[in-house]
Amino acid sequence: MIENFDAIIIGAGPAGSSASAILAEKGRRVLVLEREKFPRYHIGESLLPFTYAPLQRLGLIDEMKKSAFVKKYSVQFVSMSGKASQPFYFYNRYDKDTVAQTWQVLRSEFDSMLVQNAREHGATVREETTVTELIKEGNRVVGVRAKDKSGAVNEYRAPMTLDCSGKESFTASRNNWRTRDPELNKVAVWTYYKGAKRDAGMDEGATTVAFVPDKGWFWYIPLHNDVVSVGVVAEGKYLTRDGVRDTKEMFHREVEQNAWIKEYCSHGQTTGQYYITNEYTFHSRHCGMDGLLLVGDAFCFLDPVFSSGVMLALKSGVMAGDLVDAALTANDFSAQRFVDYAKHLREGVENMRKLIYAFYNPDFSFRLVTDKYPEAAGLITDCLSGDVNKDFSQLWRWIEEFVPLPENLPCGGPAT
């Protein structure tokens with residue numbers, strides 16, 4: 001069976017749902033193919049303030065405000081001794097009615113909200129359908145083949161295909177476009193607590209980044225229903241030292257390495273399930289090709305320390321929706337049409353990447369920079385908030401007085 005659409009979206013995560021909602025809203029015939037059945041579990045629960053604009057564009061702010069999701073006003077950092085930094089409050093930089101506050105979300109609920117929004121805008125979403133290959137005519141992508149849950153293989157055609165397949169990056173993996181980051185190769189182990197300690201008042205929903213040796217770190221993310229997401233990220237050789245391979249043993253050994261984490265977790269009980277994944281940062285060498293565009297994590301998966309993934313997915317999804325609509329109007333589906341899109345995304349990725357590199361350097365701390373240059377605190381807050389497409393050159397000059405920063409990677413341009 002062959003079906004025809006204006007655009008085909010691979011994946012119904014935040015990138016795919018946002019792009020499809022924008023396109024469907026504009027009257028385009030959009031097909032979203034998602035291999036899983038929603039709601040489904042996913043990690044990546046802490047939103048950045050600059051998710052506000054794409055969520056507003058998608059018409060979801062009122063629904064977010066009515067939801068049970070925990071409000072997040074700040075991020076703080078905790079030393080191994082348990083001493084917490086002053087929180088980086090978003091309201092010190094932004095309007096209190098907009099991006100001064102964001103949310104900690106249960107992704108199964110949040111992603112289902114996004115998918116339902118895409119459907120309500122008119123997108124066709126088919127779950128439990130796995131894309132198996134891209135269909136090409138010459139060097140141009142003209143559709144996909146996909147297998148549904150019955151095992152039937154169908155063909156779907158469209159002038160534009162958007163790869164929103166997430167971290168696994170369907171296109172980049174199959175075309176050898178994935179480029180590993182030279183330094184950002186970590187492993188994450190995590191679980192969930194019921195009844196763990198939270199701070200009071202507006203600090204109840206703060207994201208906490210707590211350090212362990214060798215520049216490893218914990219996330220501590222309060223969710224609704226008295227659940228807290230707690231995970232440790234570090235080099236694999238650090239986490240598996242002394243031959244430890246059991247994820248539960250690995251996790252609880254690291255809890256002992258940070259006094260704040262140990263104290264806050266001691267008030268609750270784990271839910272009993274432990275997860276592990278390689279958090280390898282990768283960049284796609286290309287943003288797409290004729291008839292194809294990469295969006296969200298399929299374009300770049302960045303180390304999760306500053307929770308930039310969902311923000312970049314939503315932002316790129318909305319951008320892609322607008323650009324593909326314009327391409328359909330112009331009947332121009334060449335990869336060159338998306339050069340500015342790729343440059344804009346790469347600029348944001350590289351700014352966040354520089355801050356991540358500084359964070360992981362053993363000779364660096366934010367306090368070193370802000371003690372010498374108090375103005376740096378505002379710029380650091382901007383980047384931590386997701387305001388990544390601005391001029392941070394002064395901040396990088398200040399940070400480079402303490403630690404080196406990476407050069408921009410030559411990634412993301414269109415395949416020719």
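Reader: Which side chains meet in a salt bridge at 3.5 Å, N to O?

Author: In this predicted model, the side chains of K197 and E263 form that salt bridge, at 3.5 Å from N to O.

Reader: Where do K197 and E263 lie?

Author: K197 is in the loop between β13 (178-194) and β14, while E263 belongs to helix α8 (residues 259-265). The pair links distant parts of the chain, 66 residues apart.

Reader: K197 first, then: what is its relative accessibility?

Author: The value for K197 is 29%, so this residue counts as partly exposed. E263 also counts as partly exposed, at 34% relative accessibility.

Reader: How many salt bridges does the structure hold?

Author: There are 29 salt bridges in the structure. One of them joins the side chains of E3 and R126, at 2.7 Å from N to O.

Reader: Why does the pair of E3 and R126 tie together parts that are apart in sequence?

Author: Because E3 lies in strand β1 (residues 2-4) and R126 in strand β8 (residues 124-126), the pair connects parts that are 123 residues apart in sequence.

Reader: And E3, is that buried or exposed?

Author: E3 is buried, with a relative accessible area of 19%, just as the cut-off of under 20% requires. R126 is partly exposed, its relative accessible area being 26%.

Reader: What does K372 form a salt bridge with?

Author: The partner of K372 is E401, and their closest N and O atoms are 2.8 Å apart. K372 lies in helix α11 and E401 in the segment after α13 (393-399), so this pair ties together parts 29 residues apart in sequence. K372 is partly exposed at 48% relative accessibility, and E401 is partly exposed at 43%.

Reader: Which residues are linked in a network of salt bridges?

Author: K26, R28, R57, D322 and D325 are linked in such a network.

Reader: Changing topic to pockets. What volume does the largest pocket have?

Author: Its volume is about 1200 Å³. The lining of the largest pocket comprises 49 residues, and those nearest the centre are H42, S165, G166, K167 and D297.

Reader: Which elements give two or more residues to that lining of the largest pocket?

Author: They are α1 (14-25), β9 (130-137), α5 (170-174), β14 (207-212), β15 (216-222), β18 (275-284) and α9 (309-330). By class, the lining of the largest pocket has 22 nonpolar, 16 polar and 11 charged residues.

Reader: Back to H42. Where is the place of H42?

Author: H42 sits in the loop between β3 (30-33) and α2 (52-57). H42 is partly exposed, with a relative accessible area of 32%.

Reader: What is H42 in contact with, leaving aside its neighbours within four places in sequence?

Author: With those neighbours left aside, H42 is in contact with R107 and D111. H42 and G13 are 29 residues apart in sequence, and their C-alpha atoms are 9.5 Å apart in space.

Reader: How about the second largest pocket: which residues lie nearest its centre?

Author: F77, S85, S365, F366 and R367 lie nearest the centre of the second largest pocket, which is lined by 29 residues. This pocket holds about 670 Å³ of space.

Reader: Which element gives the most to the lining of the second largest pocket?

Author: That is α11, with 4 residues. Elements that each supply at least two residues include β5 (74-78), β6 (88-89) and α12 (376-385). The lining of the second largest pocket divides into 14 nonpolar, 9 polar and 6 charged residues.

Key. Residues numbered from 1 in each chain as written. Predicted model: local features only at pLDDT ≥ 70, side-chain atom pairs only at ≥ 80, totals over all residues. Heavy atoms only, no water. Buried < 20%, exposed > 50% of the residue type's maximum accessible area, 1.4 Å probe, protein only. Contact = heavy atoms within 4.5 Å. 1 Å grid on protein atoms, 1.4 Å probe; cavity = no way out; pocket = protein on both sides within 12 Å on 5 of 7 lines; lining within 4 Å. Points joined across faces, edges and corners; volume = space filled by probe spheres on them. Nonpolar A, V, L, I, M, F, W, Y, C, P; charged D, E, K, R; others polar. Salt bridge = Lys/Arg side-chain N within 4 Å of Asp/Glu carboxyl O.
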